[in-house]
Amino acid sequence: MRHPAIAGAFRIALMALLLAVLVTTALIATTREAAAQDLGAIARITGPATLRAEGEALVLDLPLTQPVPVRARLLDAPLRAVLDFRQIDWTGLDAAALTLPAPLAAVRLGQAGGGWSRMVLELAQPMDFATVAMLTDPASGAARLRLRLVPVSAEAFAARVQAGADGAPATLSPLTQGPALGMRPTVVVLDPGHGGVDPGAEREGLREADLMLTFARELAETLRRSGAFEVVLTRGDDSFVSLEARILVARQAGADVFLSLHADALPDGGASGATLYTLADEASEAAAAALAERHDRADLLGGGVDLSGADDVVAGVLMDIARTETRPATDRLADALLGAITAEGLATHRRPRQEAAFSVLKTPDIPSILLEVGFMSSPRDLANLRDPAWRAGMAQALMNGLLAWVDDEAQRRAMRRH
Ligand SMILES: [Zn+2]
């Protein structure tokens, strides 16, 4: 039997859904030409949504035509988990036809105004987000929303509602509430540098953007095959992606690690070998400063990605607290990757660990590293970069480094707890 209040709410949802159909149909007509990676476009539902209980957890899987920014928060009276998307055409999903697992009282879909689409999960008990991940298939550009809610105490729920009401960043990084690193697949976001109107370095008819896309795909495949990683690429083709959009992809995926891949050419020609950059306010070398400046300027030349929803997502996490916690973990990650590259016998720069103010690294709560896999201005590095066997060795080294880092972080966490 349906509760009368729920039936009433359901009628409202149905009206909202009708309105949504009208609005989104009009919008889709204007955005159909948009590229698959365009975070400003409307996503459509491409297959059946699965909603199921997994033990005490509630899991939602929603296949979408493309990734879209998502915000998650909790509301009280009645207990609700609310997801706002920018933006989804709900026509492919019939909320009324969904079989609701026990912890769920109702599902409502609609448009929230201001270019946001809303999904409301009415809960039968206090629950919190363990995972809110927008996973992207680099080959097709299609995305999948993976949502996992786990039971929490009424007090914990109330605290999270309060945090959300204050606009605290807790609502934007629900993954911090989820299982610890090492207890689940590590989410790695690979960021092939440049793309589209920005080819990056060019040597002997090769473009840095293409080389790095190839390497990112190979590395993704290596990591996925191990079963220990979930991998998301910031771009799956030769399209321009702004720095903000790259960071946003990492945020949406709930990244544990953000790895930006480059193979720049330096004018002095002396640079060669793998180099790992972490974020700093002051660059450790003049060359590093010039490199960072060039990458940031390249971003200004492009365009095409509407990121109107990015501000509140990005701004909410720029906290000193996150930086002080992430900084040591980022340094340990860079050390682990460098150790693995060296162990594999691959060439490294004479100063392989550097600091620079790359904008793409400015995500204080996600360990972020910019890796110059090699330099296209070095003939030896360029030969390595075009050699599939060399790239396979580098992919293997990076995987080893990531695995070592995850183990180490998990151990540190366990020790802090005891
Ligand atoms: Zn580059």
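Reader: Among contacts between residues at least 6 apart in sequence, what share joins residues at least 24 apart?
Author: Good place to begin. The model is predicted: local features need pLDDT of at least 70, side-chain atom pairs count only at pLDDT 80 or more, and totals for chains, interfaces and linings use all residues. Residues are numbered from 1 along each chain as its sequence is written, and side-chain values use heavy atoms, with hydrogens and water left out. With a contact meaning heavy atoms within 4.5 Å, the share of these contacts that joins residues at least 24 apart is 76%.

Reader: What is the average pLDDT of the chain?
Author: pLDDT is the predictor's confidence in each residue, from 0 to 100. In this chain 76% of the residues score at least 70, and the average is 77.

Reader: What percentage of the 418 residues count as buried?
Author: Buried means under 20% relative accessible area, exposed over 50%, and partly exposed in between, with a 1.4 Å probe and protein chains only. By that cut-off, the buried part of the 418 residues is 53%.

Reader: How many strands does the chain have?
Author: Helices (H or I, at least four residues) and strands (E, at least two) are DSSP runs, numbered from the N terminus. Counted this way, the chain has nine helices, and its strands number 18.

Reader: In what order do the six strands of the open sheet lie?
Author: Two strands pair if DSSP finds at least two bridges between them. Pairing in this open sheet is mixed, and the order is S14-S11-S15-S18-S16-S17. The edge strands, each pairing on one side only, are S14 and S17 (348-356). The twist averages 20° from one strand to the next, in the order S14-S11-S15-S18-S16-S17.

Reader: Which residue of S14 is the bridge partner of valine 189?
Author: Strand S11 (residues 186-192) pairs with S14 in the parallel sense over five bridges. In S14, the partner of valine 189 is valine 232.

Reader: Why is S14 largely enclosed by the rest of the structure?
Author: Phe229, Val231 and Leu233 point one way from the strand, Glu230 and Val232 point the other way, and all are buried. S14 (residues 229-233) is largely enclosed because its buried residues number five of the five.

Reader: At about what angle does helix H4 run to S11?
Author: Axes are lines fitted to C-alpha atoms, for helices over the stretch in contact, and angles run from 0 to 180 degrees between N-to-C directions. Helix H3 (residues 208-225) lies across S11, S14 and S15, at about 160° to S14. Helix H4 (residues 243-253) lies across S11, S14 and S15 too, and its angle to S11 is about 165°.

Reader: Which residue in S17 stands opposite tyrosine 277?
Author: S16 and S17 pair in the parallel sense, with five bridges. Opposite tyrosine 277, S17 places glutamine 354.

Reader: How far apart are the C-alpha atoms of alanine 265 and phenylalanine 375?
Author: Alanine 265 sits in the loop between strand S15 (257-262) and strand S16 (274-279), and is buried at a relative accessible area of 12%. Leaving out residues up to four places away in sequence, alanine 265 touches Ala201, Arg203, Arg294 and Ser377. Phenylalanine 375 is 110 residues away from alanine 265 along the chain, yet their C-alpha atoms are separated by 5.4 Å.

Reader: Is serine 378 buried or exposed?
Author: Serine 378 lies in the loop between strand S18 (368-372) and helix H8 (379-385). Beyond four places in sequence, serine 378 touches Ala271 and Ser272. With a relative accessible area of 6%, serine 378 is buried.

Reader: Which residue in S8 is the bridge partner of valine 82?
Author: Strand S5 (residues 80-85) is mostly covered, with six of its six residues buried. S5 and strand S8 (residues 116-123) pair in the antiparallel sense over six bridges. For valine 82, the partner in S8 is valine 120.

Reader: What is the angle between the planes of phenylalanine 85 and tryptophan 90?
Author: Rings of Phe, Tyr and Trp (its six-membered ring) pair if their centres lie within 6.5 Å; planes under 30 degrees apart count as stacked, over 60 as edge-to-face and the rest as tilted. The structure holds one aromatic pair. Phenylalanine 85 and tryptophan 90 form this edge-to-face pair, at 5.7 Å centre to centre, with the planes at 80°.
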